[in-house]
Number of protein chains: 2
Amino acid sequence: MIQRLAVVGVGLLGGSVAKAARATGLAREIVGVGRDAARLAPALADGTLDRATTDLAAGVAGADLVVLAAPVATAERLLPAVWAAVGAETLVTDVGSTKAGIVRAARALARERAVAFVGSHPMAGSERSGYEAARADLFRDATVVVTPTEGSDGGAVKAVIAFWERLGAGRVVTLDPEAHDRAVAAISHLPHLVACALVEAVARLDPGAFGLAARGFRDTTRIAAGDPAVWEEIFLANREALDAATAAFRQALAELTAAIERGDGEALRARLAAIRARREALA
Amino acid sequence: MIQRLAVVGVGLLGGSVAKAARATGLAREIVGVGRDAARLAPALADGTLDRATTDLAAGVAGADLVVLAAPVATAERLLPAVWAAVGAETLVTDVGSTKAGIVRAARALARERAVAFVGSHPMAGSERSGYEAARADLFRDATVVVTPTEGSDGGAVKAVIAFWERLGAGRVVTLDPEAHDRAVAAISHLPHLVACALVEAVARLDPGAFGLAARGFRDTTRIAAGDPAVWEEIFLANREALDAATAAFRQALAELTAAIERGDGEALRARLAAIRARREALA
């Protein structure tokens, strides 16, 4: 049982953390911190938050657990102020889609003063954004990656894992922060970038073609409606791994295109069959 | 009311045409034609077909309406035999994802002997394939493109439009075959190719990352599980328009990547916001 949970950034993810903690009775008091009081009001009004503040230090002070749920670069920027405001009893985690940067920042801060930080990345989201898209069951059956390092306190790591399990996660895996960033560059950031480029390409080629969009196009590009501010920060934070992923994607696309251009039906079909088998293994 | 409907190729699309015609009572007799009697058996057993044959000429003879539902190149290859077997009273259509080739083939055949052909492309499908994936409601609310040319018989065009409306289509639009092929290259074939390249890229980069796949990756790549034989023929049949679409996509991706590489958050966010607005306009 958490006596006080502070959620910094009460949007899709932070709002869902607060709602899930409320629904499961996991925290006695839930405090929401945001830049804009008006945007915190709905979460206060519906009983998800007990208290809302635009004062970061006041919001996180005295919390057992702080969950940073601002966009990745913003969370990293806020970390020193959180560090300064919390006590030695506080455990800090986040929900960011990239982990190397914030883990590095936390380790640098920890050299000055010991505060337990363990990075998290729940692999759950939505193309919708803001508190109005938050759901108590967002993390149900989701995979959550937790990224401890050799310096992490074992008890803190266990507590963060238990936290996500209590919020409904189907599976919590631990990964090294850099390995995490490379993996999500491939499985999440690259698909997002590609979906965006697809929408842009159709807009340039033939906007009238949007009128023929069926479920295939809608599913393939659904994530392109994601929050631009969130994705700008993710792309920039993970640019190195994303670059490598994009290069591999370009190469795969070039090879498929080459088989089409030389009319090599046999090679094309063999490749498509291998891809289908890979994709079906996921389902 | 159709006295006899012949469906050539009783897989996902042909099977769905037959099931929908059966469900709506649109045809008195439904004949299925396929290469393999064993694969026609389930549609006969469940009452979707009244008759099944591997003899194309026998299957289409005497039909009021023939629906070609083989993969695009196969359908084009079968067209002369269909032409030779049907009477002057028969109307022929298809369900292929590319239209210029089959319409050209039909026009060439029509110069020898007048048979009414009007191309169709129901914008409905599934990553699943074969008769077991066929559904009577596959075309419900779907957009169907019909591609008459200046030589098309007005009554035949109306009959094909009415056919799709009776099968549940939400909207039937007419397009010039070449304009259709360019539009679907952008809205359907390019997304399919890109989804395939995405799966391939992740497999090369980090197969372990598949274990972190959430709804975003699953939706983005769902269509990559499509039937390789069907998609090989589509890609090859529409390679020219697909090449142009792929070039536009590569350019859009390169511009997004360039903004990320130079760390231009403002430009990146503006582009992502425009893309989000485009995508949301679809929903």
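Begin with the contact between the two chains, to which chain A gives 76 residues and chain B gives 76 (contact meaning C-beta atoms, placed from the backbone, within 7 Å). The model is predicted: local features need pLDDT of at least 70, side-chain atom pairs count only at pLDDT 80 or more, and totals for chains, interfaces and linings use all residues. Residues are numbered from 1 along each chain as its sequence is written, while chains are lettered from A and ligands numbered from 1 in the order in which they are written.

Next, select helix 7 of chain B, which gives the most to the side of chain B that touches chain A, with 22 residues. Helices (H or I, at least four residues) and strands (E, at least two) are DSSP runs, numbered from the N terminus.

Now select helix 7 (residues 177-205) of chain A and helix 11 (residues 265-282) of chain B, which pack at about 70 degrees with their axes 9 Å apart. That angle makes the two helices roughly perpendicular (65 to 115 degrees). Axes are lines fitted to C-alpha atoms, for helices over the stretch in contact, and angles run from 0 to 180 degrees between N-to-C directions. Display Cys196(A), Val199(A), Glu200(A) and Ala203(A) against Leu272(B), Ile275(B), Arg278(B) and Arg279(B), which make the contact.

Finally, turn to the open sheet of chain B, where six strands lie in the order 3-2-1-4-5-6 with parallel pairing (at least two DSSP bridges between two strands). Strand 3 (51-53) and strand 6 (116-117) of chain B stand at the edges, each with a single partner strand, so one side of each has no neighbour in the sheet. Three bridges join strand 2 (residues 27-33) of chain B to strand 3 of chain B; Val33(B) has Thr53(B) as its bridge partner in strand 3.

Methods
Angles under 35 degrees count as roughly parallel, over 145 as roughly antiparallel, 65 to 115 as roughly perpendicular and the rest as oblique.
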